[in-house]
Every structure is written in structure tokens, then in C-alpha cells.
Amino acid sequence: MQVLTFAFQESTFALPIEGVAEVIRTPSLTLLPGAPPGLAGLINLRGRMIPVVDPRFYLGHDASRPLRHVIVVMGEGELMGLGVEEVEGIVETPVPKGVPDIVEGRLSPLIYGYFQWGGKFVFTWHAYGPFLLWDFMDSSGEMLS
Amino acid sequence: MTFYELTWDSPEEKELFVAELGDLLQTLEDSWLSGEPDVAAAFRAAHTIKGSAAMVGLDDWSSRAHNLEDRLDQIRKNPDDQLEESLRLDVLNFVDFIRQELNGRVNSEANAESSPQHWRITLSPACALKGARAFQILQRVGELARIVSSRPSGEDIQEFERFDGNTVDVSFEPIGDQPPVDWPEIFRSIPEVEEWEQIESMEEDPKSRGTTAAQAQQRENMIRIHPQVLEGLLDGLGELLMRHAELSHRLNETSPAVKEALDGVKQIAMNLQDMTLRARMLPLSTLFHQYPRAVHDIARKLSKDITLSVEGGETQLDRLVMDRLHEPLLHLIRNAADHGIETASERLRKGKPLAGHIFLQASSRKGRVRIVVADDGRGIDWNGLRNKAVARDVMTADQARNATSESLVAMLFLPGFSTKDQVSDLSGRGVGLDVVKDTVDQLHGDIRVESEPGRGTRFIMELPMTMAILSALLIAIGPVVLGIPVLNVERIEPWHQDDVKHTLGVDMIDDHGHPLKVTVLSQLLKIEGSDPQMVIRVQDGAVKMAFVVDTVLGQQDVVIKPLGRVMPLIPWMTGAALLGDGRVALMMDVKRLAEKVGHNDSTALPEPVAAENTRQVPGSSWLVFGVGPLYYGISVDKVQEVLLQGPVNRIVGQHPLVEGVTMIREESYPVLSGKKLMDAGDLDDGGYFIVVHMSQHRFVLSVDIVKEIVPIAWSQIQPVPHHDGLEVIMGLAEVGGMVIQLVDFDAVLSEILPNESVAGEQKDHLPSLRGVQVFLADDSRLARQKLTTALINQGAEVTAYEEGQALMTGLAQAQNLPHVVVTDVEMPKMDGYHLLEQVKAEFPGISVIVHTSLDGRLSKEHCIELGADFVLTKWDVGELVRRVGLASHQGMDNKGGRTHALIAD
Amino acid sequence: MRVLIVDDAAFMRLRLKKLLTQDGYEVEEAGNGQEAVEKYGALHPDCVLMDITMPEMSGIDALKAIKAEDPGANVIMVSALGQQAMVIQAIQHGARDFIVKPYEPERVLASLNKVLS
């Protein structure tokens with residue numbers, strides 16, 4: 001399977017390449033006042049306004065570091081941005097399906113499987129993962145405590 | 001001789017007869033469908049039908065036509081004659097009759113004759129790939145019948161690929177000895193097909209024959225564009241403008257000639273943008289043209305007589321908005337036809353014209369389009385709604401009885417709320433009124449209902465003309481840029497902090513003598529780095545507010561990009577606009593933002609205000625209001641809220657001071673008329689409701705004006721000489737050059753609630769107060785009377801004073817100190833707090849009971865802090881007596897020494 | 001009722017699958033035309049939702065192959081805007097209906113409903 005690996009300080013993940021429209025350096029991010037945590041803001045992608053999700057709200061990571069890249073994903077005809085700290089690269093590797101027990105219950109809906117790479121465990125998301133995050137953000141408040 | 005029995009010289013002859021007859025019938029029908037019948041045209045049609053029918057031997061038809069012709073001729077010759085409704089009915093019935101004769105013929109004959117059927121299938125406006133859909137339809141038909149002709153003709157595939165029409169016409173004949181086909185079922189089974197009808201022939205729709213040459217010419221010159229093409233154009237232009245901005249910035253240091261050229265480019269791009277946006281606008285007639293037919297069909301199905309008149313079709317609207325309006329409008333029209341318009345006999349009984357009237361009107365003003373769907377039917381069944389509300393547990397029986405039409409109407413838009421128990425298949429297609437409201441909301445519009453029982457109902461929709469472009473006032477708050485639709489902006493002024501008056505957790509500024517809610521946007525939206533300098537007064541419908549921002553960047557026409565997913569998360573945002581300099585402005589919905597402010601307010605507590613003031617100034621805060629020509633004051637501690645006047649339901653048998661009841665957030669409050677209370681003349685005006693909470697009693701005081709809150713020191717208050725009658729005013733104060741009369745609501749309350757009397761209250765459980773001496777302070781004569789009586793009845797000795805100063809003097813001069821001092825809080829000269837403090841300081845052995853109508857927790861705590869032995873809220877006289885008893889024992893034991901405070905829970 | 005979803009984008013299959021299972025359908029998947037034809041032969045689903053553009057074996061070719069095996073097969077094509085010519089071609093070759101992306105969930109369900117009743 002071809003996956004795009006991306007990382008935060010605390011962890012590295014991967015996203016299946018299908019559904020990834022493009023990867024860009026974060027352009028200026030328009031902040032949305034009153035937005036729930038997790039909605040990083042809007043970016044202007046060639047005239048289209050795309051919302052950007054910061055997954056750290058759900059992953060429980062420190063959200064103070066800047067999101068250097070945006071992975072633009074496509075789903076149901078819509079574009080959405082996933083803000084990440086670092087983008088590593090595209091890897092071709094078998095990814096056995098299955099979520100190990102060590103993964104928190106909260107995170108398991110996101111995860112498709114994992115593989116080992118460069119000495120780390122890389123958890124691979126479902127291709128629809130970013131959209132799932134969006135749904136979580138919608139009903140957040142309860143989620144975030 | 002019936003039609004079936006006729007013999008024809010040739011099939012062509014028959015076809016010709018049928019076709020011409022069809023045209024004439026259409027003309028007859030058309031001439032009578034509109035509000036002003038075209039009698040001349042109808043007459044000619046009837047005349048011709050009479051002739052033709054006679055010629056082929058259809059005498060029955062001919063004589064009917066003759067009948068009509070005569071009557072029409074009468075009217076034609078005497079245009080001033082009243083048009084009988086029965087004539088109209090007859091004309092339409094005649095048309096139906098002939099049509100049925102013809103159609104029955106055509107439909108029942110599946111085998112023998114080879115007379116083709118003609119159908120017109122209308123595609124849903126949202127259908128993508130119309131060519132493919134048309135192909136599918138024709139293919140389907142082709143499987144079951146022999147297609148004689150069709151439009152699109154389907155001779156080659158290219159035609160389908162180019163096809164962009166909304167209707168597919170097809171004429172076909174049944175194949176050999178196939179069983180009859182249920183064509184409506186076939187058409188229904190094809191997705192994205194909206195309607196199907198049999199038409200008389202494959203000729204152009206006879207209605208359109210009436211169009212003038214000019215219109216036909218105009219239609220020739222138009223082309224259809226897929227909306228996506230326009231989107232692409234707009235996106236491209238947006239980007240062009242951005243690149244221009246970039247270029248312009250980089251080429252800052254160049255010659256004026258270059259700058260001029262760049263400007264030229266920008267101008268062109270902006271013009272193109274403008275034109276492209278306007279290309280999205282279409283006249284509403286595009287939507288409306290199909291409704292007369294729909295009404296005609298519905299009317300027939302319901303056996304009702306209904307005309308539809310349409311006005312304002314030339315009004316322009318963004319096609320995206322129009323697309324979404326189609327279903328809701330259709331639903332409203334069907335609703336009107338089904339539920340609104342009564343049957344002919346019912347109308348006759350009511351003395352209404354036989355034909356029900358549905359009125360569709362569009363107009364535009366200031367960038368908003370208004371569409372009205374009105375009917376002259378039976379109006380909304382208010383009682384039915386009330387019953388439904390109770391049955392659905394949305395309201396209690398009481399609430400339902402008192403509910404105003406506005407609140408009932410709000411329920412109409414709840415899902416599943418139809419006053420008919422079985423939703424008829426016509427208006428129950430899954431598009432309820434709640435979907436209508438949803439759609440209108442999503443289009444950032446408004447919908448309201450007006451209805452008069454027996455007279456009719458009006459649905460009024462207001463929508464922004466286009467969702468795409470907006471003239472916006474851009475404002476900056478810290479790093480955030482917001483846009484306010486220019487239509488909503490009333491005034492812009494520099495901001496001064498001192499202009500704000502804090503009223504019970506709500507900040508207000510003056511707006512020509514009326515309070516206007518003001519909110520600092522950086523605080524509301526939690527934006528950092530803000531430096532508020534300007535205040536903008538806005539209005540959206542009935543909502544008026546003021547927003548404080550940093551700077552006003554100016555006015556600009558911006559292209560709004562919808563934000564789909566993001567919208568539900570940030571309800572006050574309607575979209576994002578890309579500015580020329582690359583920044584993004586967030587467009588706001590004024591009404592929604594005002595709602596957000598409202599939510600924050602309702603959680604604010606009134607107490608902090610009172611506490612602040614009473615600690616700093618020896619006095620308290622009073623809310624100044626006006627009734628008639630004079631000003632009055634009410635203690636801010638008692639005021640819960642100030643609202644704009646709402647609807648009042650009159651109640652019979654209430655105290656004359658009480659106007660009725662009103663509902664505030666689903667609780668009912670008696671409304672006290674300020675005018676009646678102050679005896680201030682005529683009973684009109686009134687603009688505000690002051691919501692008062694006093695010792696478990698709540699009511700609303702209706703007044704003309706609410707001015708401001710002022711602190712008044714107790715020493716400033718002049719007591720008013722008492723006289724018989726209702727002691728409404730407890731004192732006067734001069735504030736800012738005007739005299740304010742301070743209202744004593746204790747007296748008012750006890751006047752209105754006479755059942756709060758003391759007499760007969762559990763006399764047996766009351767302690768004896770023999771030998772107990774009590775000093776009592778209360779500015780209300782009534783209160784002094786009540787308490788004195790109650791205490792004396794238990795054997796106590798009572799000395800009563802009007803206010804604190806007098807009581808202190810009394811103590812100083814007393815030979816025997818009292819055991820207990822009972823005091824009110826609100827008194828002129830020296831209030832209860834100060835009295836309490838002084839008594840405890842100078843006479844620590846005396847127990848002090850504070851007896852007040854103030855409800856607030858903080859005022860109670862304040863009393864206890866100052867050393868009160870007990871704090872009681874009026875009016876529980878029995879409890880007071882008991883407490884005096886307890887306190888007297890305490891006091892008696894420790895006379896001269898320190899008293900333990902009997903802390904009230 | 002069993003439905004076979006054919007699309008080379010796993011994400012699209014997933015979303016569709018979620019939608020259909022929620023509505024009570026049993027769902028099978030195929031990632032390309034060849035697989036679709038094979039699975040059709042093996043499982044005989046009641047309906048097929050076939051994406052038009054797929055690498056190697058296109059939706060049209062898969063449709064033709066399936067129809068050759070089972071002339072009564074119910075195949076609904078899933079296409080994007082601008083593929084009208086291919087859709088018409090598909091209908092000519094026996095596709096029962098078509099859905100255009102991006103689709104509304106109700107559209108898909110309505111179409112399935114109509115085709116299967």
C-alpha cells in the first residue's frame with residue numbers, strides 16, 4: 001500500500017495515498033474566532049477556501065507548535081485540510097489491517113493498521129480519517145475533557 | 001352520437017380535429033385561468049368549437065359550446081356586467097368534459113386505433129447530465145411502445161450530449177397486442193423526473209404560441225451555461241485579482257505608467273467578475289412559469305376552483321438560490337391549495353367568491369428579494385394549532401391558551417407539525433413547512449406568516465438577492481477582519497468607554513433616549529490584540545445592536561465563498577470573502593451574532609452590580625424609567641431585566657392595576673401598568689417591560705422609557721409626606737436636574753396581593769412575646785402597621801420609626817433599650833445596612849433582624865457580614881414573630897455583652 | 001439485499017459502504033473492473049454500483065462483461081460531471097440508472113430503491 005507519512009513531535013502517522021489531493025506548506029491561515037478546538041482555520045487554495053483540521057486536539061498532543069504543512073484530502077467531492085507539523089514522505093509498504101490493543105479506544109476508529117519504519121511504529125489512518133476527525137470536532141466539548 | 005362512434009374520412013382528418021380542438025380548449029382554459037378573463041378570446045373559441053363539433057356530428061358537444069358562447073357573448077357586449085362565478089366554473093367544466101371525452105378515448109384504446117399518445121416529461125431542475133437522463137427516458141419508452149417522434153429526436157447520440165432542456169416530449173403508439181401500460185408508473189420509476197403530463201400534441205405548447213415575436217427572438221439569443229462554468233470563471237477571476245495584488249506589491253518601485261497599466265488590469269478583472277456574477281442572476285419567471293399549471297392540476301385533483309396570479313416575475317435572483325427555492329415554493333402553493341382554500345360550497349356559504357385565489361408575488365428592494373405566497377382561504381386554524389401544541393407536549397394547556405399567534409406560528413415550522421392529521425399526498429411529499437424554513441434559513445433569509453381566520457394566509461419570504469456578491473463594510477478586530485453587510489449598517493462613530501451604562505450584566509449605550517445593547521467584539525469573540533476605537537450601530541430586521549471594533553477598513557463589494565462544513569460550527573458566519581490583498585474577511589450574520597450576545601447576557605447575574613454600588617456609596621442604585629411626562633425610580637436590586645415591550649394577554653377579573661399577563665421565556669408574568677400606577681393618563685405607548693423580582697414574587701412593570709441607572713445616596717432621598725391611599729412613592733431624589741420619584745413596590749405588591757394578610761396565621765404556633773421590647777424601622781406605613789399589630793398581638797411592646805436615623809435617635813434617648821430591632825433595608829435618610837452597622841457598633845447587646853423585600857443573595861450576605869442576627873424576606877409575618885421571639889431570648893441572656901449571631905441559613 | 005460496490009478509490013467505497021449498510025444492505029466490494037466481473041459471477045448480488053472511470057478495465061467494459069453473463073443484471077453507473085457521453089453509452093449497454101458525483105446520500109438510496117423494486 002502506498003502511504004504518506006506525517007509526524008508530530010509525539011508520534012508519526014500515515015495516510016493512504018488515495019484521497020490525498022495534494023500536500024502544501026501551510027499558507028497563511030485565517031483564524032476563525034469562536035471556532036471549536038481542532039478547527040485550525042481556513043486556507044486559500046487557488047481561490048477556494050478550505051477548512052483545516054488540527055488533529056492534535058483529538059490526539060491529545062501539545063497544540064502550541066506551528067502546523068508547517070497541510071495535507072489536502074478529498075472526500076465526497078469536498079476538499080479538507082489536515083494540518084500537520086512535518087511531512088516525511090511516501091512509502092510503499094504492506095500494511096496489515098488491525099489495531100493493536102495499545103491504541104487507546106478513542107483513537108481506534110481512526111486507525112486502519114500499522115507498520116514499522118525507521119525504528120518507529122507508524123499508525124496508518126483510514127483514508128477517511130480526517131473526515132472522521134471533523135465529525136468528532138463537531139460534537140466536541142464533551143470529547144475534549 | 002359519441003366521439004367513439006364517429007367515422008372519419010381519414011386518420012389525418014381525425015388528428016386534425018383533435019389537434020385543433022385541443023388548441024381551442026387550451027385557449028378557453030387560459031383565458032379563464034388568469035384574474036382578468038379574456039372574454040373575447042373565450043367567446044371565439046367557444047364559437048369555433050360549436051361549429052366544428054356540429055360539423056362532425058357531435059351534437060351534444062355543439063350544444064354545450066353554443067350555450068357557453070351565448071353567455072360569453074352577453075358579457076362581451078356588456079362589459080360592465082358582473083361576471084358570474086358560475087360561468088367560470090362552467091367554462092372550465094366544459095373544457096374538462098371535452099378533454100375527458102378525448103383522452104378517455106385515447107387511453108382506453110390500446111389496440112385498434114393507432115392514435116399516438118403524447119407525453120411531456122419534466123426533469124427535476126437539479127438534474128445533472130440531462131442528456132443522459134433524456135436518453136434513459138426515451139430508451140425506457142422505446143422498450144414498451146413504438147416511438148413516433150420525440151424531442152430530443154434521438155437521431156444521433158450527439159444530440160443527447162448537447163441536450164440541455166428541462167423537458168422531454170415523446171409521442172408513441174402501443175406495440176401490437178401488449179397489455180396497457182401504466183405510463184405514470186413508468187415515468188415515476190425514473191430518477192430525477194419531476195412531472196409528467198399528457199399533452200395534446202407534439203406541437204409547441206399552445207400557451208407559448210401567445211409569446212410575441214420579440215420574446216421568441218430573445219429566447220433565440222440566449223444560451224445556457226452550466227453553473228460550474230460560472231464557478232470556474234469566478235475562481236479564475238479571483239485568482240487573477242490576487243496575482244495582480246502580488247504584482248502590484250512587488251512592482252511598487254516602478255514608473256507611473258506601469259502602475260497605471262496594472263490598475264487597468266485590475267479594473268478589467270473586477271468588471272469581468274461583476275459580469276460573471278450577474279450572469280448567475282435569472283428572472284424569477286423561470287421558476288414561476290410552471291406554477292399556474294401546477295395549481296390547475298392540483299385544483300382539479302381536489303375538485304376546487306383555484307386561480308393563481310403571479311406578479312413580479314421579472315425580479316432577478318441568483319440561480320443557485322432559485323434552484324433551492326423551487327421545492328419550498330411549490331410546497332407553499334400546494335399547502336395553500338390543499339389546506340388554505342376551502343371547497344366551493346364552503347366558500348359560497350361564507351360569501352366568498354367561488355374561486356379560491358392564490359397570489360404569488362415577487363419584488364426586490366435594497367438587495368433583498370421578497371416573495372409572497374398568499375391565499376384567500378380559511379386562514380390558519382389557531383385553535384387546531386393550540387390543541388396540537390398541547391397534544392404534542394410543546395405547551396401546557398395554560399400556555400396554549402395564552403399563546404400569541406407569533407408563538408403558535410413558530411410551531412408551524414416544527415418538523416411534523418401539520419394541522420391535518422393525515423397529510424394528504426399532495427402537500428406531504430416529505431417537504432414540510434420545517435424544510436421550507438430550513439431552506440430559507442440556509443439561504444440566509446427570513447420567513448414569516450400572517451393569517452386572518454376566515455380571510456386567508458400569507459407566507460412572506462425575504463432572501464438576499466444573491467449569495468455570491470455582497471457589499472460589505474470591512475472592520476478589523478486585532479488580526480481578524482470581519483465583514484458586515486452594508487444593508488445592516490446604520491451608523492459608525494468613534495467609541496468612548498464612558499458612553500456605556502451597565503444595566504444588570506448588559507452593557508448599553510444611549511440611542512435617542514432608548515437603551516441599545518452594545519458589545520465589544522474582541523471580548524465576545526475572544527480575539528486578542530484588539531484596541532477598540534469605533535462603534536458601529538447595526539440593524540437586521542427587528543434586531544438592533546452596537547458592535548465595538550478596532551478600525552473600519554472601508555466598504556467593498558466582496559465575493560462570498562460558502563464554507564459548507566464550517567457553517568454549523570460558527571453559526572454567526574455566513575461565508576468567507578477573499579480580499580484584494582490576499583486577506584480573508586469573515587462575513588457575519590448580524591442577527592445570529594446578536595443572538596450570541598443574548599446568550600451570554602442571560603447568564604449574567606444581577607447581584608454584582610448592586611453589591612459594587614452599595615459598598616462604595618452609602619446609598620444604592622436605582623433604575624430610572626419614565627411613565628408619561630415624569631420620571632420614576634426602582635431599586636436595581638429588584639430589577640431582573642429590561643425588555644422591549646411584548647404582547648400582553650388581557651385577563652378578566654384582575655386587579656385594576658394589572659393589564660394582563662405576558663410570557664417571557666415560557667414563564668408567565670403579570671403585567672403591571674406603570675401608567676395606571678402613576679395615574680398618568682391615557683393608556684397607549686409604553687415601550688418597555690421592567691421585569692421585577694421581589695421576595696418570591698415576580699411581575700412586569702410596563703413603562704414608556706427606560707433611561708439609566710443612577711446611584712442615589714440615602715441622604716439625598718427626601719421622604720414624601722404620607723397620605724391616605726396607596727403609598728406608591730417612598731421618596732424623591734434630584735438627579736441630574738430632574739426629580740425622580742422613587743417607587744415603593746412593597747406597598748404596591750401588598751395592594752395587589754391582598755391574600756398575603758397576616759390575620760389568622762397559625763396563631764397557636766406563635767411564641768409569646770410578653771415583656772419583649774422591639775424597635776421597628778420601616779418607611780412603609782403599611783409595613784409598620786402590619787408588623788406592629790402582629791407583635792403587639794403576641795404581647796410585645798413596639799416602637800415604630802419611619803427610618804433609621806430616627807430609630808438611632810430613639811435608641812440614644814431610650815430609657816430601656818429594646819431587645820430586638822427589626823429593620824427594613826430600603827429607607828430614606830439612613831438605610832437598613834447603616835442602621836444595622838450602627839446598632840451593632842453602639843449597642844452590641846441588641847439583636848437585629850433585617851426584614852426586607854430584596855431577593856438577592858448578596859444583599860442577605862451583606863447584612864450578615866454587618867452583623868445581622870437574622871435576615872427575613874417579606875412577607876412572612878409569622879416567621880418574623882418567631883424570630884423575634886428567638887432573638888429576644890438571646891438578647892435577654894446577653895444583655896450588655898456580645899451577642900452570638902444567629903446566622904440565618 | 002446485496003449490493004456490489006465497484007470503485008478504485010478505497011475511500012469512496014468505504015463511504016458508500018457505510019451509507020448502504022446503514023440502510024440495511026449487504027455490501028460487497030471490488031477495486032477494479034476485473035474483480036467486479038469475477039465477484040459478480042461468484043456472489044450474484046442484486047445490484048451493482050459501478051464507477052465509470054477505472055484503470056485497466058473501465059466501468060463500461062465491466063458492465064458489458066457482466067451483462068453478457070447475466071442479461072438481467074442491475075447495474076447503476078457512478079459518474080462524474082462531464083462524462084455524459086460515457087453514461088449514454090452505458091445506458092445503451094444496459095445500465096439501469098446513473099448517479100452523478102458528488103452525490104447526495106438520498107439520491108443513491110432512492111436510485112437503489114427504484115431499481116430493485
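Between which helix and which strand of chain B is the loop that holds A355(B) found? A355(B) lies in the loop between helix 15 (344-350) and strand 8 (356-365) of chain B; helices (H or I, at least four residues) and strands (E, at least two) are DSSP runs, numbered from the N terminus. This is a predicted model, in which local features need pLDDT of at least 70, side-chain atom pairs count only at pLDDT 80 or more, and totals for chains, interfaces and linings use all residues. Residues are numbered from 1 along each chain as its sequence is written, while chains are lettered from A and ligands numbered from 1 in the order in which they are written.

A355(B) counts as buried because it has 21 C-beta neighbours inside 10 Å. A residue is buried if 20 or more other C-beta atoms lie within 10 Å of its own, exposed if 12 or fewer, and partly exposed in between, with C-beta atoms placed from the backbone. Leaving out residues up to four places away in sequence, A355(B) touches E85(B), R88(B), D305(B), I306(B) and T307(B); two residues are in contact if their C-beta atoms, placed from the backbone, lie within 7 Å. The C-alpha atoms of A355(B) and S86(B) are 9.5 Å apart, although 269 residues separate the two in sequence.

Helix 16 of chain B spans residues 382-391, and its buried residues are L385(B), K388(B) and A389(B). These lie on the same side of helix 16 of chain B because they cover an arc of only 100° around the axis, the arc being that of the directions from the helix axis to the C-beta atoms. An α-helix has 3.6 residues a turn, so residues three or four places apart point the same way. On the face turned away from the buried side, helix 16 of chain B carries the exposed residues N383(B) and A391(B). After helix 16 of chain B comes D393(B), with a positive phi near 60°.

Chain B as a whole has 29 helices and 38 strands, and 38% of its 905 residues count as buried. Of the contacts in chain B between residues at least 6 apart in sequence, 67% join residues at least 24 apart.

Chain A has two helices and 10 strands, which run β-β-β-β-β-α-β-β-β-β-β-α from the N terminus. Buried residues account for 37% of its 145 residues. The mean pLDDT of chain A, the predictor's confidence in each residue from 0 to 100, is 83, and 92% of the residues of chain A reach 70 or more. Over residues 140-145 of chain A, pLDDT stays under 50. Where pLDDT is low, the predicted coordinates should not be read in detail.

Chain A meets both other chains considered here. With chain B, 18 residues of chain A are in contact with 18 residues of chain B. Strand 4 (39-45), strand 5 (48-53) and helix 2 of chain A each supply at least two residues of that side of chain A. With chain C, eight residues of chain A are in contact with seven residues of chain C.

The largest nonpolar core has 134 residues, and V48(C) and M50(C) have the most contacts inside it. Such a core is a set of buried Ala, Val, Leu, Ile, Met, Phe, Trp, Tyr and Cys residues joined through C-beta atoms within 7 Å. A second, separate core of 78 residues includes V627(B), W714(B), Y833(B) and V839(B).
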